[in-house]
Amino acid sequence: MNPILECRALGKSYSGKDALCDVNLTVNRGRIVGLLGPNGSGKSTLIKLANGLITPTKGEILINGQQPGTETKKIVSYLPERTYLSDWMRVKDIIELFTDFYENFNPKKAYDMLQKLNINADDRLKTMSKGTKEKVQLILVMSREADLYLLDEPIGGVDPAARDYIINTIITNYNENATVLISTHLIADVEQVLDDVIIISNGCITMKGSVDELRTQYGKSIDAIFREVFRC
Amino acid sequence: MTWELDSDRPIYKQLIEHFQLSIVSGCYKPGDKLPSVRDLAAEAAVNPNTMQKALADLEQAGLVYTQRTSGRYITEDKSMVEQLKNNLAIEQIKEFLEKMSRLGFTKQETVALMTSVKEENVQ
């Protein structure tokens, strides 16, 4: 079987400025992977390339052996860094939209999670706090039965208790053959649930490996390793 | 028992230690059925693959065994549990003696001190 995500000599530059350069990467199925890096390191660029929102300047990126397109979008569930949903919509309307739009969307799952987090499906997005909106978005994304979940900063704006619930949702809801790629700088909160980490800076991969291997090698947490590598 | 995991040591090793302690302390009794990997992972808030790895290690050591379709169970071999209990105790004592020697106590002094502390506590 093809790896779920593969980058070959992948490069992306924005008007001459390199955002990613020569990235070679293979992400296998059934993994929870942390994509870590300081601000402006290329995390979102990599995720956008995987979604086909932008196209590579050099090299290629493959999802399940295919270039990003209609076929890959069926199996990729993406949480963007900014919302694209309209403010006036009620949660139940969005759920209807998603059910209509995605074959693999499971509305029951979405309603279960909404209930757990005490979110009323009749509420409109514009009446919600920033954190609640983020929760709704993540619920929508995790309610799809996808092969690859690309989560761009999923827990940035939510409180620690909800963060725990969300992380728990991620580990209990994904199926064994699905891969979850989480970009974040809240490393301490997620490292316990990650299989592997990819650390990037200035558009290049500086470190990758399994969490337990890196902990054994350095004798410290991924969070501590990150702070050491990127000390300002 | 709650899962307390340090952030600077490999997670699967800590999971193994947690199970060992649960078995030795009688939290899990010989022959008890373990919850599914997924439930255990959710309870400990760790990755299911890591939990799986820890359980595979325990299985290799013989502390748990798999019944083909019905799940994982704690070993029924009581002598093995006793052995584990002893090994863990010896580890603790070694660690303690090491710390005492760093404080400048000889083994004899440590033992004498322990006896006197124990007597004080009894009184």
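Visitor: What should I know before we start?

Guide: This is a predicted model, so local features need pLDDT of at least 70 and side-chain atom pairs count only at pLDDT 80 or more, while totals for chains, interfaces and linings use all residues. Residues are numbered from 1 along each chain as its sequence is written, chains are lettered from A and ligands numbered from 1 in the order in which they are written, and side-chain values use heavy atoms, with hydrogens and water left out.

Visitor: Why is the link between A:Lys108 and A:Asp112 called a salt bridge?

Guide: The term asks for a side-chain nitrogen of Lys or Arg within 4 Å of a carboxyl oxygen of Asp or Glu. For A:Lys108 and A:Asp112 the N to O distance is 3.3 Å, so the pair qualifies. Over all chains, a search of the whole structure finds 18 salt bridges.

Visitor: What makes A:Lys108 and A:Asp112 about one helical turn apart?

Guide: They are four residues apart in helix α4 (residues 107–116) of chain A; helices here are DSSP runs (H or I, at least four residues), strands are E runs of at least two, and both are numbered from the N terminus. An α-helix has 3.6 residues a turn, so residues three or four places apart point the same way.

Visitor: What makes the salt bridge of A:Glu191 and A:Arg215 a link between distant parts of the chain?

Guide: The closest N and O atoms of A:Glu191 and A:Arg215 are 2.8 Å apart. A:Glu191 is in the loop between α7 (187–190) and β8 (196–201) of chain A, while A:Arg215 is in helix α8 (residues 211–218), 24 residues away. Both A:Glu191 and A:Arg215 are buried.

Visitor: Why is helix α1 (residues 43–51) of chain A called largely enclosed?

Guide: Eight of its nine residues are buried, so the rest of the structure largely encloses this helix. Among them are A:Leu46, A:Ile47 and A:Leu49. After α1(A) comes A:Gly52, with a positive phi near 75°.

Visitor: What does A:Arg90 touch?

Guide: Leaving out residues up to four places away in sequence, A:Arg90 touches A:Ala121, A:Asp122, A:Asp123 and A:Arg124, where contact means heavy atoms within 4.5 Å. A:Arg90 lies in the loop between β5 (76–79) and α3 (91–101) of chain A. With a relative accessible area of 28%, A:Arg90 is partly exposed.

Visitor: How do you know which residues of α1(B) and α4(B) meet?

Guide: By contacts: B:Gln20, B:Ile23 and B:Val24 in α1(B) meet B:Val81, B:Leu84, B:Lys85 and B:Leu88 in α4(B).

Visitor: Where is B:Phe105, and why is it called partly exposed?

Guide: B:Phe105 sits in the loop between α4 (78–102) and α5 (107–122) of chain B. Its relative accessibility is 31%, so B:Phe105 counts as partly exposed.

Methods:
Buried means under 20% relative accessible area, exposed over 50%, partly exposed in between (1.4 Å probe, protein chains only).
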